[in-house]
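These are my notebook entries on one structure. I shall record what I looked up, entry by entry.

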Amino acid sequence: MQAKDIRKILIFDHGDPVAGQILGKAEEVFGKSAADAPQYVILKAHRTHNIALQMLEKAIGEEQPELVLIGATALGGEAAPALGVRFETGVAAHCVDIRVSEDGRLTFIIPAFGGRAFGEIFIPDAKAGRPAIATVKPGMFREPQKGIVEELCAAGRCRIIDVDAMAADGRIPAGEKTQGAFRMTNAAPREHGAGSIAQAELILCGGYGLGSKDVWNKLEQLADRLGGAAACTRAALDAEWGCAEDSMIGTSGRAVRPKVYVGFGISGAAHHTCGIAGAETVISINNDKDAEVFAASDYKGVLDAEQVINALLTETE
């Protein structure tokens with residue numbers, strides 16, 4: 001698919017900040033020339049999988065976009081492939097970048113081999129009514145400039161379909177009618193404040209090298225004292241020390257862009273370090289002087305993670 005053929009882009013916003021990141025990236029890639037700039041349709045809805053899928057299918061059929069962009073969240077990761085089947089089109093999953101190739105083709109960049117390599121995905125037969133579909137990992141793109149949605153709407157280049165507002169004032173059914181097995185009883189967007197890794201400027205991340213749930217609890221306490229957020233690796237999450245799924249950084253979790261990232265007891269596997277590539281400063285603490293994570297770090301400390309955390313807790317009392 002040639003990038004110049006994209007005239008309309010549909011973005012699904014179900015409350016995660018990734019929707020804004022996607023819009024900012026799309027405008028960066030496609031909005032350089034006012035004459036060639038595409039139109040945006042933002043579908044806003046906090047709904048369960050079955051209802052969201054029905055709304056997306058209806059919107060794609062009515063709006064006829066050439067490109068559909070969805071956050072690679074739990075909901076987005078389920079909806080995108082289902083839409084791909086229904087519209088008989090290609091889906092590029094868990095993209096970390098969107099580019100235009102030298103010959104003008106729309107190119108989706110995805111991680112491969114645990115993040116050790118990156119692949120290029122092309123969807124050649126996409127068109128209006130049979131759009132290219134891509135899911136984008138949260139945190140891969142920077143937050144958009146303030147007021148970009150209002151600016152685009154004022155310029156006549158963006159339209160918002162707010163399903164929740166339409167349901168609230170009776171313009172459409174409230175959403176209980178669905179062919180699936182679930183019924184929505186209420187919905188509330190998840191808060192993404194300063195304490196979440198999505199927005200934090202300081203992130204303290206713990207790996208399996210922390211050794212125990214007790215040390216993880218200390219890391220959370222330290223992050224709270226410093227006004228940052230606590231994050232973890234897949235290994236630490238699987239150890240069930242108490243870190244939340246949406247606090248995991250890496251290929252199967254979130255990508256982050258803090259001003260400062262400090263890793264404790266992290267080996268440095270590629271599927272984790274690809275998630276911190278956007279951090280301004282990376283500091284790593286590991287008692288193994290040959291740890292792979294040091295290759296991705298600006299500063300390193302060959303030290304015991306628990307001892308460093310204990311010392312910092314003492315300093316911040």
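Entry 1, Val 18. I located Val 18 in helix H1, residues 18-30; helices (H or I, at least four residues) and strands (E, at least two) are DSSP runs, numbered from the N terminus. The model is predicted: local features need pLDDT of at least 70 and side-chain atom pairs count only at pLDDT 80 or more, whereas totals for chains, interfaces and linings use all residues. Residues are numbered from 1 along each chain as its sequence is written, and side-chain values use heavy atoms, with hydrogens and water left out.

Is Val 18 buried or exposed? Val 18 counts as buried, at 3% relative accessibility; buried means under 20% relative accessible area, exposed over 50%, and partly exposed in between (1.4 Å probe, protein chains only). I then listed its contacts (heavy atoms within 4.5 Å). Not counting residues up to four places away in sequence, Val 18 touches Gly 71, Thr 73, Val 136, Lys 137 and Pro 138. From C-alpha to C-alpha, Val 18 lies 8.4 Å from Glu 143, although the two are 125 residues apart in sequence.

I looked up the largest nonpolar core, which has 35 residues. Such a core is a set of buried Ala, Val, Leu, Ile, Met, Phe, Trp, Tyr and Cys residues joined through side-chain atoms within 4.5 Å. Ile 9, Phe 30, Leu 67, Leu 69 and Phe 108 touch the most other members. Among the elements that each supply at least two residues are strand S1 (8-13), strand S3 (67-71) and helix H4 (148-154). H1 gives the most, with seven residues.

I found Leu 53 in helix H2, residues 49-63. Leu 53 is buried, with a relative accessible area of 4%. Leaving aside neighbours within four places in sequence, Leu 53 is in contact with Ala 79, Ala 82, Leu 83 and Arg 86.

I searched for pairs of Phe, Tyr and Trp rings (six-membered ring of Trp) with centres within 6.5 Å; planes under 30 degrees apart count as stacked, over 60 as edge-to-face and the rest as tilted. The count comes to one aromatic pair. The rings of Tyr 208 and Trp 241 have centres 5.7 Å apart and planes at 10 degrees, so the pair is stacked. The two residues are 33 residues apart and link distant parts of the chain. Tyr 208 is exposed, at 56% relative accessible area, whereas Trp 241 is buried, at 8%.
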